[in-house]
Amino acid sequence: MKFKAILCATATLLLVACNNKTVQTVLKTDVPVRPAGQENVIGLTTEPLETVRVGVVGLGMRGGDAVERLTYVPGVVITALCDILPERVAASQKFLADKGLPAAKEYTGTEDAWKALCEQEDLDVVYVCTDWSHHVPVSLYAMEQGKHAAVEVPAAGTLEDIWALVNTAERTRRHCIMLENCCYDFFEMATLAMVQAGAIGEPIHAEGSYQHNLDPFWKAYAGNWRLQENQKNRGDLYPTHGLGPVAQVMNLHRGDRMKTLVAMDTEPFNGAKMSEKLYDKPDATFAAGDQTSTLIRTEKGKTILVEHDVMTPRPYSRMYQIVGTDGYSAKYPVPILCFREFKEGEEVNAHTVGTEKVYRGESVNEMLAKYPSPILTPELEALAKEVGGHGGMDYIMDYRWVYCLRNGLPMDIDVYDLAEWCCITPLSRLSIENGSMPVEVPDFTRGAWDQVKGFSYALAK
Ligand SMILES: NC(=O)c1ccc[n+]([C@@H]2O[C@H](COP(=O)([O-])OP(=O)(O)OC[C@H]3O[C@@H](n4cnc5c(N)ncnc54)[C@H](O)[C@@H]3O)[C@@H](O)[C@H]2O)c1
């Protein structure tokens, strides 16, 4: 009984268990019934497009760069530009003119000018680079108008919005692509190829994060929207850079799926100070912790750790660590590869460490070069590095979805990836607000998570 009392003081669930009552050990999340008449969009292909006509909505830091980058992607024509601020539309229009490209139609001046852009006839893709609050309405309206949506990260921040994107993509049979550029970084692509070649055995644990001190950026976001999002919302608000590349390695909804997660955060020690610094009238409440950690367990018994920290001087890191049964790949803090090398009969003593074969420095690149990504050619890699955008990964990302559209192929990142990677935001919040209780991760495919066996890129014959 004494033992029981100690447990009861710290763990209500254990107390309930002691008393043989029903215990709720996991918070359930609903999977809404698929509306009649629609099917999943796994492997969705659409009519091949020789020329891909793109309209960009939101021409701030990210959208302005996207316009420039897209002009280097074969087959793309930018036919529409939209920003609530006319000077931003004018700047992108000038870029097109200076490059000798045709002028795009302009939409500006009103909060919903993007609606007319989505309705424009000579347009195939609406490319959304606004603040987070516009991602979902613009993407939904684009799909309703028969356009594909390509939307910046994170595409959505609530379960309601995520399901709306899934349902609309399924009903309209349009692609809803999330622009997760980190899936196309060269280290991550080579590691994916290495894992798929079986070089680290079975991947059983992975880590991914967004650790990026945003001090120099806060003021640059139009209307201070990004700090406000952190001020209003608790949980991991930017999970997709960390989770996207490891989700591809872990074959999420391609043979495995996230089943439960638990999350914990720190107090907003720096966040609250930052809001005092940036606002005339500081608001004492600040929701997002400086550091948020989410631990996910999959159906097949694997784990993934995702972290978010935009408030401390911790060096930039996306962690990207893949632990396999026979090897290990990590990109941060410094690239390293390890492979099991211990041989039966080898002598050990109490001080024996490091029997594995470790690669550091240039030897990491030499090893990874043995596993070329099937989507890269030397010419494409060189062009991507020349055009730039986070070292070239932004270009490869745009190149890929355009290539898939032009060839009528399924997307690398589909609406279920979008849903799975984005749901970490509302579900980490739910766990944190319930004492870090485990939360069920919905199956956004509604039963089809095992239909495809393993992640692969679609390639034209
Ligand atoms: N993938 C990446 O590496 C990466 C990097 C940075 C930002 N992002 C994402 O890109 C998006 C944009 O971020 P940013 O840094 O460019 O922010 P930003 O504030 O510089 O740009 C947002 C733009 O949206 C415009 N906008 C706002 N309301 C609008 C409306 N109603 N109609 C049309 N335009 C409107 C603003 O005027 C502004 O120009 C965000 O989702 C962000 O998370 C992704």
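Q: Which residue in β9 stands opposite A263?
A: That's T294. Strands here are DSSP E runs of at least two residues, and helices are H or I runs of at least four, numbered from the N terminus. This is a predicted model, where local features need pLDDT of at least 70, side-chain atom pairs count only at pLDDT 80 or more, and totals for chains, interfaces and linings use all residues. Residues are numbered from 1 along each chain as its sequence is written, and side-chain values use heavy atoms, leaving out hydrogens and water.

Q: Okay, and how many bridges join β8 to β9?
A: There are 7, between residues 258-265 of β8 and 292-298 of β9, and the two strands run antiparallel. Two strands pair if DSSP finds at least two bridges between them.

Q: What's the strand order in the sheet they belong to?
A: The order is β14-β13-β12-β11-β7-β10-β9-β8-β15, an open sheet of 9 strands with mixed pairing.

Q: Which ones are the edge strands?
A: Those are β14 (357-360) and β15 (439-440), each pairing on one side only.

Q: Zooming out, how many helices and strands does the chain have?
A: The chain comes to 16 helices and 15 strands. Its radius of gyration over C-alpha atoms is 23 Å, close to the 23 Å from the globule rule for 461 residues, so the chain is as compact as a globular protein of that length. That rule is 2.2 Å times the number of residues to the power 0.38.

Q: What share of the residues is buried?
A: Buried residues make up 54% of the 461, where buried means under 20% relative accessible area with a 1.4 Å probe, protein chains only.

Key
Buried means under 20% relative accessible area, exposed over 50%, partly exposed in between (1.4 Å probe, protein chains only).
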